[in-house]
Amino acid sequence: MEKDEFIYHILVDRFTGNVALKNENRFLGGTLRGITDRLDYIQGLGATSIWLSPICTSANYHGYHVTDFMRVDPHFGTQADLEDLIAAVHSRGMKIYTDFVPNHCHVTHPFFLDARTNLHSPYRPWFYWMKGGTYKCFLEVDELPKINLDYPEACQYMIDVARHWCRLGFDGLRIDHAIGPSFLFWEKCMKAMRKEFPDRVFFGEVWGAGLEKRHYKTIHLKNSWWKRMFGLSQEELQHDYVGVLDGVLDFEYRNMLIDHLWRGEHLEGNQALEKRICQHFAKYPANFKLILFLDNHDMDRLLFCCHGDIELMKEAIAFSRKWGKPFVLYYGTELGMQNTQSVFDGSPYADLRVRECVDWKKAKKILP
């Protein structure tokens, strides 16, 4: 990953999905071939890389409810479609990443179904069972049982999953909920991946927002006793992955900028802000990749945070690009897509507000 890499983040189902369909919690028709057909557009934005949401078979459109870790979801196309996309991206001198979701699977995954109904199932030790037949899950989402990646067979399987997608040609993996698996798992996984793929990049989503002490039993923390006593610091969480992963998405950086954008404040010329950012960057070794971003599929769109001020949004992006670090642009941001209600208002499926299909007939770029 280059220092100033420009990564275009795509939610596969929504990038070329059917805008005639209501925006609901279901598949809306976006495909891998649809992305291939729009590579001219993506590269025309100045993007040097693409990051795809999970493309393996899933119970839901976003890909994070995995039911088969090794197969391309038929909703998105075939493995041949994926290989064509990867080849087309590489032929342009660009790179391509995808999401890796090792922490959990969906309750309909065959391994979990067998483990749940058969006490003697070979997959029984792959999950965390508690009294009454309950199980640990991703935070408090019952439909996402947590995988015991410290069990040798489960550990090896998930490493093989990562190998599978890298062997198909991905230039690296964005790791979903990286704080879920143990540091022992990451040590084994990264040792294996770096041996076979020394030129690939593995960067994590290390995000502490909204986590409370009752969630700690579902995640792995360094110095957990300290964090239980004094609470989680986003800076500390990120820093814990230095020497573990190649880098992280820099939520701490985003937090600093969004505070100013919410208040409608300009960023350029703000010496106090620049000093804070420089102090933040200085806490990390030069070879650890802090990947900057300003919005994504789990949070309010950037233009919403800028209260619809397009010039302020442009300033925030330019400000973020000047640091010479990888930068992620979420699909549709360049088109002025925005939500009108926050995704954090407690409404069911509120994240759909930032996961709309692109209306390509009406789309008009406002960036760069």
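Tutor: The axes of helix 6 and helix 7 (residues 183-196) cross at roughly 35° and come within 10 Å, where axes are lines fitted to C-alpha atoms, for helices over the stretch in contact, and angles run from 0 to 180 degrees between N-to-C directions. Helices (H or I, at least four residues) and strands (E, at least two) are DSSP runs, numbered from the N terminus. This is a predicted model, in which local features need pLDDT of at least 70 and side-chain atom pairs count only at pLDDT 80 or more, while totals for chains, interfaces and linings use all residues. Residues are numbered from 1 along each chain as its sequence is written, and side-chain values use heavy atoms, with hydrogens and water left out.

Student: What is the handedness of the crossing of helix 6 and helix 7?

Tutor: A crossing is left-handed if the near helix is turned anticlockwise from the far one by less than a right angle, and right-handed if clockwise. For helix 6 and helix 7, the crossing is right-handed.

Student: Which residues of helix 7 meet helix 6, and how many charged residues does the contact have?

Tutor: Taking contact as heavy atoms within 4.5 Å, Cys155, Met158, Ile159, Ala162, Arg163, Cys166 and Arg167 in helix 6 meet Phe185, Lys188, Cys189, Ala192, Met193 and Glu196 in helix 7. Ala, Val, Leu, Ile, Met, Phe, Trp, Tyr, Cys and Pro count as nonpolar, Asp, Glu, Lys and Arg as charged, and the others, Gly among them, as polar. By class, the contact of helix 6 with helix 7 has nine nonpolar residues, no polar ones and, as the number asked for, four charged residues.

Student: How are helix 10 and helix 11 oriented to each other, roughly parallel or roughly antiparallel?

Tutor: Helix 10 and helix 11 (residues 271-281) have axes 10 Å apart and pack at an angle of about 170°. Angles under 35 degrees count as roughly parallel, over 145 as roughly antiparallel, 65 to 115 as roughly perpendicular and the rest as oblique. Helix 10 is therefore, relative to helix 11, roughly antiparallel.

Student: And how are helix 10 and helix 13 oriented to each other, and which residues of helix 13 meet helix 10?

Tutor: The axes of helix 10 and helix 13 (residues 310-321) lie 12 Å apart, and the two pack at an angle of about 150°, so they are roughly antiparallel to each other. Their crossing is right-handed. From helix 10, Tyr253, Leu257 and Leu261 meet these residues in helix 13: Leu312, Ala316, Phe319 and Ser320.

Student: Which charged residue lines the largest cavity?

Tutor: The largest cavity has a volume of about 40 Å³, and its lining divides into six nonpolar, no polar and one charged. Cys56, Phe69, Phe100, Val101, Val161 and Trp165 belong to that lining, together with Asp99.

Definitions and conventions: On a 1 Å grid over the protein atoms alone, a cavity is a set of points where a 1.4 Å probe fits but cannot get out, and a pocket is an open set with protein on both sides within 12 Å along at least five of seven lines; lining residues have an atom within 4 Å of a point. Grid points are joined across faces, edges and corners, and a volume is the space filled by probe spheres set on the points.
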